[in-house]
Amino acid sequence: MYLNTMLLLAAVLFCIGVYGVLARRNGVLVLMSIELILNAVNINLVAFGAFHATVVGQIFALFVITVAAAEVGIGLAIVLLLYRNRRSINLDQVDLMRG
Amino acid sequence: MFSFAPSLVGFVRPDIDWHAVAPELTLLGVGAVVTLLDIIFLERGRAYTSAMAGIGLLITLIPIVTLAAQGTTREMFGGAFVVDNFALVLKAMFIVVAYIVVLLSTNYIAEGDYWENEYYGLLLSAVLGMVLMASARDLITIFVALELLSIPAYLLAAWRKGDLKSNEAGLKYYLMGVFASAIMLYGMSLLFGLAGDTRLSEISVALSGGDAEPVAILGIIFVIVGFAFKVSGFPFHTWAPDTYEGAPTPVTAFLAVASKAAGFVALLQLVYAGFGSRDDVYEPLFWILAVGSMTAGNLMALRQKNIVRLMAYSGVSQAGFMLAPLAVIGAIGDEAVSAVVTYVLIYAAMNLGAFAVIITVARRTASGEISSYSGLFGYAPGLCVVMSLFMFSLAGIPPLGGWFAKFAVFRAVVEADTAWGYSLAAIAAVNSVIALFYYAKVARMMWFEAAPAQADMSALRIPPSLLAALGLTAAATLLFGIYPPAITHFTDGALIALSY
């Protein structure tokens with residue numbers, strides 16, 4: 001069992017995800033980047049679970065997957081709402097309020 | 001593939017203490033009834049939804065009171081769900097806050113034609129998440145409770161579907177919230193990897209071992225940063241002003257009080273029951289967060305023209321005060337928990353009161369500008385007195401509640417008797433003085449500035465539900481200041497049980 005390999009993969013995914021959230025300006029791509037971070041978490045949880053020989057990690061990962069599905073559902077609904085009212089999902093244009 | 005079969009055969013349902021989960025189950029039942037009412041009676045049910053939600057919340061207080069009367073600490077699922085004094089006090093607070101938010105929403109939502117049933121259904125499920133959070137002593141439970149309270153809140157912030165500002169509020173809140181919870185989850189996965197268990201008690205044991213340094217430190221930092229978003233601490237507060245301004249005002253009141261309190265509840269449990277021995281890691285982090293929030297919140301609040309944005313930045317600054325005792329929790333333990341809980345309870349009363357006034361005044365002026373408060377004394381002198389009460393309480397002037405809240409924090413910070421503690425107290429004192437400027441600005445506008453010439457100066461009629469909300473919050477703000485034992489009776493002593 002190569003725990004380090006898994007953790008490295010998860011860390012790389014996490015970094016790509018964080019970069020995507022901070023650098024991407026398209027609403028849907030930001031949502032996908034957040035999914036990447038959550039998948040990094042899932043890899044971590046399952047790898048650590050196998051390392052400690054416990055099913056708790058897998059159970060936690062199942063909760064994360066389920067909640068992530070609900071979150072993305074809400075997120076797409078909000079992005080869709082934005083598209084209906086503005087005809088654009090560029091996040092930089094969403095700046096009515098400042099200060 | 002079949003290797004799990006024996007463990008499945010050996011599965012035994014864990015014992016469920018029905019009395020301990022009664023508040024959550026009652027709240028779930030109320031939410032289901034409110035939703036069913038809409039499905040069965042359609043439009044005819046709408047008029048009764050807010051009353052149903054309010055009564056349901058009050059019924060939920062009954063099991064909390066019976067649990068408090070028994071006074072024993074109850075544990076379930078190997079310590080993942082605990083009902084102790086801490087849980088009971090905060091559950092009661094969440095229910096009462098939600099009741100006042102329902103009072104604030106009744107006219108606003110009914111007159112605005114904003115899908116009433118769904119509104120109250122989502123509000124109740126967010127409250128369910130908060131009530132669950134007060135008992136959660138396990139990473140999975142904390143995560144589920146956090147999402148249960150956040151996801152409905154994203155929808156509520158974007159409630160005015162056709163309004164671009166409300167869309168923007170929802171989007172910003174959603175993106176920041178989800179990003180923060182993803183980072184928090186990454187931290188949780190590292191902590192799980194360290195301990196091999198998700199219960200805070202086991203994590204506490206694994207952390208005190210002192211090995212796997214980078215994993216432990218990264219895990220703690222990520223989790224705290226995740227919750228710093230929730231409590232809108234600097235520099236993770238950027239969503240707060242925009243979301244508060246764009247969201248419907250009763251929802252803003254809910255976010256500013258209940259959602260922030262839920263973040264502090266989670267932080268207290270994690271730090272006190274989970275991270276305990278690693279004060280070398282989290283104390284400097286909390287020190288920076290506390291000082292940054294107080295100072296940045298105050299400086300930004302000074303130049304606000306919109307009352308809701310002013311309240312958002314004032315909330316950032318108040319969050320700094322609430323974070324301060326956490327920066328010395330290693331030295332004083334229990335007392336830091338008591339100080340934070342005291343502050344959260346008093347803050348809930350005075351901040352909800354201020355939002356009640358903002359909602360009431362907006363019924364006349366339809367504006368959020370601070371300048372629209374000019375001449376308020378002319379047409380609503382009572383409201384003017386109550387708003388001054390809340391503003392000066394937020395600033396910490398005796399003998400109002402906010403004074404005692406600040407006193408509790410100062411006492412805790414100084415009692416630690418460390419250089420960190422004293423420097424924090426000094427910075428907090430300077431910030432209390434700065435805060436007075438912007439709170440007094442609102443009061444000056446109400447009392448001394450004349451109303452615009454074309455303004456409607458007939459006496460302002462306040463609907464009964466708003467009047468009730470104003471009365472309850474004003475009474476609580478005064479009572480906590482004049483007679484502090486009314487609150488210390490619930491917050492003093494060992495709140496979080498470490499019985500395992």
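1. Two residues are in contact when they have heavy atoms within 4.5 Å of each other. Among contacts in chain A between residues at least 6 apart in sequence, 52% join residues at least 24 apart. In chain B, for contacts between residues at least 6 apart, the share that joins residues at least 24 apart is 80%.

2. This is a predicted model, in which local features need pLDDT of at least 70 and side-chain atom pairs count only at pLDDT 80 or more, whereas totals for chains, interfaces and linings use all residues. Residues are numbered from 1 along each chain as its sequence is written, chains are lettered from A and ligands numbered from 1 in the order in which they are written, and side-chain values use heavy atoms, with hydrogens and water left out.

3. Chain A contains three helices and zero strands, in the order α-α-α from the N terminus. Its radius of gyration is 17 Å, well over the 13 Å that the globule rule gives for 99 residues, so chain A is more spread out than a compact globule. That radius is taken over C-alpha atoms, and the rule is 2.2 Å times the number of residues to the power 0.38. Helices (H or I, at least four residues) and strands (E, at least two) are DSSP runs, numbered from the N terminus. Along the principal axes, the C-alpha atoms of chain A fill a box of roughly 50 × 25 × 25 Å.

4. Of the 99 residues in chain A, 42% are buried. Buried means under 20% relative accessible area, exposed over 50%, and partly exposed in between (1.4 Å probe, protein chains only). Areas come from the Shrake-Rupley method with a 1.4 Å probe; for residues, only the protein chains shown count as cover.

5. Chain B has 21 helices and two strands. The box filled by the C-alpha atoms of chain B is roughly 80 × 60 × 45 Å along the principal axes. Buried residues are 62% of the 500 in chain B. Chain B exposes about 17400 Å², and carbon and sulfur atoms supply 70% of that.

6. On charge, chain A has 6 positive and 4 negative charges, with mean positions 9 Å apart. Chain B has 24 positive and 32 negative side chains, and the centres of these two sets lie 10 Å apart. Lys and Arg count as positive and Asp and Glu as negative, while His and the chain ends are not counted; each charge is placed at NZ of Lys, CZ of Arg, CG of Asp or CD of Glu.

7. The largest nonpolar core has 224 residues, and B:Phe227, B:Phe275 and B:Phe286 have the most contacts inside it. Helix 15 (residues 334–365) of chain B gives the most to this core, 21 residues. Such a core is a set of buried Ala, Val, Leu, Ile, Met, Phe, Trp, Tyr and Cys residues joined through side-chain atoms within 4.5 Å. Beyond residues up to four places away in sequence, B:Phe227 touches several residues, including B:Met133, B:Ile142 and B:Leu270.

8. In helix 8 (residues 200–208) of chain B, the buried residues are B:Leu200, B:Ser201, B:Ile203, B:Ala206 and B:Leu207. They pack against helix 6 (139–157), helix 7 (164–195), helix 9 (213–230) and helix 11 (249–275) of chain B.

9. B:Ser393 lies in helix 17 (residues 381–395) of chain B and is buried, at 0% relative accessibility. Leaving aside neighbours within four places in sequence, the contacts of B:Ser393 include B:Met350, B:Trp403 and B:Thr477.

10. Two cis peptide bonds deserve a look. One joins B:Phe234 and B:Pro235, with omega about 0°; B:Pro235 sits in the loop between helix 9 and helix 10 (239–246) of chain B. Another runs from B:Pro398 to B:Pro399, with omega near 5°, and B:Pro399 is in the loop between helix 17 and helix 18 (401–415) of chain B. B:Pro399 and B:Ile482 are 83 residues apart in sequence but 5.7 Å apart in space, C-alpha to C-alpha.

11. B:Ala366 has a positive phi, near 50°, though it is a residue other than glycine; it is exposed, at 70% relative accessibility. B:Asp417, likewise other than glycine, has phi near 60° and is exposed at 53%.
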